[in-house]
Every structure is written in structure tokens, then in C-alpha cells.
Amino acid sequence: MKTILLIGLGRFGRHIAQKLNEFNHQVMAVDKDEERVNAVLSFVTNAQIGDSTNEEFLDSLGIRNFDVCIVAIGDSFQNSLETASLLKELGAKKVIARASRGVQEKFLLRNGADEVVYPEKQLAAWTATRCTSEHILDYIELDEDYSIFELSIPDHWNGKSVVQLDIRKKYGINILGIRENGKLNMNVMPNTILSSQKSILILGRVKAIQKCFRI
């Protein structure tokens with residue numbers, strides 16, 4: 001469990017609060033809009049109404065006590081930049097900030113942010129990849145070369161075992177799990193039989209996966 005300071009409670013920030021609550025983290029939520037603060041009260045440990053560009057207000061929150069500070073401000077890049085900078089000046093251990101354009105990412109990294117998330121860019125990449133083939137059910141990019149894909153199992157694999165297909169030897173692809181009826185089984189054995197009613201979770205080089213699944 002981590003202690004997290006979440007600043008900015010628009011739609012993006014609210015979704016973060018909900019997910020952090022599911023993971024049982026302790027979250028202090030901050031926004032200058034009272035309605036936004038009230039909307040997340042059931043998902044957070046504590047909440048404050050205030051201006052994150054005000055150094056005295058931020059300092060009163062005890063910035064050094066948080067494991068992570070997330071700047072999810074989406075309606076004012078100036079406020080986001082000032083907040084990230086102040087957090088680092090006040091001793092924040094780790095600052096993660098939201099960007100909506102590439103140039104914002106560069107400024108945030110130069111002015112206090114340790115990491116930058118780019119929701120629109122990341123979602124665009126996911127959507128484009130997801131639409132590339134009807135076989136792709138989900139996708140996570142790990143770096144420029146490697147990704148995790150969830151794919152529907154091709155018809156010609158139906159009834160064959162993992163060892164028969166031997167895609168690790170042929171393509172360098174690792175099978176992480178198999179999903180059936182919404183449940184993911186991570187205990188995949190060489191004699192596990194595949195069927196077209198299941199989907200497969202795999203890790204490998206993107207080009208190898210494209211070749212293997214003819215994407």
C-alpha cells in the first residue's frame with residue numbers, strides 16, 4: 001500500500017482515484033473545485049479544496065510524506081507545470097504529471113516531473129493497434145521492440161497443444177496465459193490444449209508476433 005497525493009480531479013483524475021481505491025492505496029485528493037472534490041470522497045482517504053499553485057497550501061499537505069505525487073490537471077498546463085515544479089521543490093519523492101501534447105511532456109520533465117503520462121497519445125496507439133487486426137483483443141507496449149498482446153486463437157490452432165505449436169522456439173514468443181470464459185489462467189503447461197473459444201496472452205517482439213499471427 002502506498003500513500004499518494006492526487007492533484008486534479010477532472011475525468012482523468014477521477015478515474016485514477018477510483019483505480020487507486022481498488023488497489024487499496026491511501027489517497028489524498030486535491031482540487032480547487034469543490035464539486036470535483038465531493039465527487040471522489042468515496043474513493044479517497046482524504047481530500048482538500050485548494051490551489052496547487054500556492055506554495056503555502058501545498059506545503060501544508062506534507063509533501064515529503066507521500067510516496068508518489070500525481071499531477072492530473074488537464075484544463076491548465078500552466079497550473080500543471082507550476083504544481084510539478086513546486087512539488088519537487090518541496091521534496092516530493094516522485095512526481096508523475098499528465099501531458100496532452102509532446103511539447104508539454106518536455107517542459108514537465110525539465111521542471112519537476114519524474115515521469116509523464118500522455119493519455120491521448122497512449123490511447124491513440126492502443127486504438128490503432130487494436131484495430132489493426134480482428135485477432136487483437138488487447139495490447140500493452142513495453143518498449144520499442146517488445147509488447148504484450150491478447151489475441152484470439154487462430155482456427156488452425158484449434159485442438160493443438162502448446163508444445164505442438166512450439167511458438168517460443170519458432171518465433172521467440174512466450175505464452176503468459178490463456179483466457180477462457182473471462183477467466184485468465186497463468187499456469188500454462190506444454191500439454192495445454194488450445195481452442196478457438198479461448199484467447200492467448202503472449203509476450204514477444206512485435207515483428208515476431210505480427211509474423212506468427214499474420215497481422
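Trainee: Which strands does helix 1 lie across, and at about what angle to strand 1 is it running?

Mentor: Helix 1 lies across strand 1 (3-7), strand 2, strand 4 (68-71), strand 5 and strand 6, and it runs at about 165° to strand 1. Helices (H or I, at least four residues) and strands (E, at least two) are DSSP runs numbered from the N terminus. Such angles run from 0 to 180 degrees between N-to-C directions, with axes fitted to C-alpha atoms, for helices over the stretch in contact. Please keep in mind that this is a predicted model, in which local features need pLDDT of at least 70, side-chain atom pairs count only at pLDDT 80 or more, and totals for chains, interfaces and linings use all residues. Residues are numbered from 1 along each chain as its sequence is written, and side-chain values use heavy atoms, with hydrogens and water left out.

Trainee: Why is Met28 called buried?

Mentor: Buried means under 20% relative accessible area, whereas exposed means over 50% and partly exposed lies in between, with a 1.4 Å probe and protein chains only. Met28 has a relative accessible area of 12%, which is under 20%, so Met28 counts as buried.

Trainee: Where is the place of Met28, and which residues does Met28 touch?

Mentor: Met28 sits in strand 2 (residues 26-31). Leaving aside residues up to four places away in sequence, Met28 touches Ile4, Leu5, Leu6, Asn46, Ala47, Gln48 and Phe66, where contact means heavy atoms within 4.5 Å.

Trainee: What makes strand 5 and strand 6 a pair?

Mentor: Two strands pair if DSSP finds at least two bridges between them. Strand 5 (residues 95-98) and strand 6 have three bridges in the parallel sense, so they meet that condition. Within this pairing, Ala97 stands opposite Val116 in strand 6, and helix 5 (residues 102-110) lies across both strand 5 and strand 6, at about 155° to strand 6.

Trainee: What makes strand 3 and strand 6 edge strands?

Mentor: These strands belong to an open sheet of six strands with parallel pairing, in the order 3-2-1-4-5-6. Strand 3 (46-49) and strand 6 (115-117) each pair on one side only, and are the edge strands.

Trainee: How do strand 8 and strand 11 pair, and over how many bridges?

Mentor: Strand 8 (residues 146-152) and strand 11 (residues 199-205) pair in the antiparallel sense over seven bridges. One of the bridge partners is Leu201 in strand 11, which goes with Glu150. Helix 9 (residues 206-213) packs on this sheet, touching strand 8 and strand 11, and its direction makes about 135° with that of strand 11.
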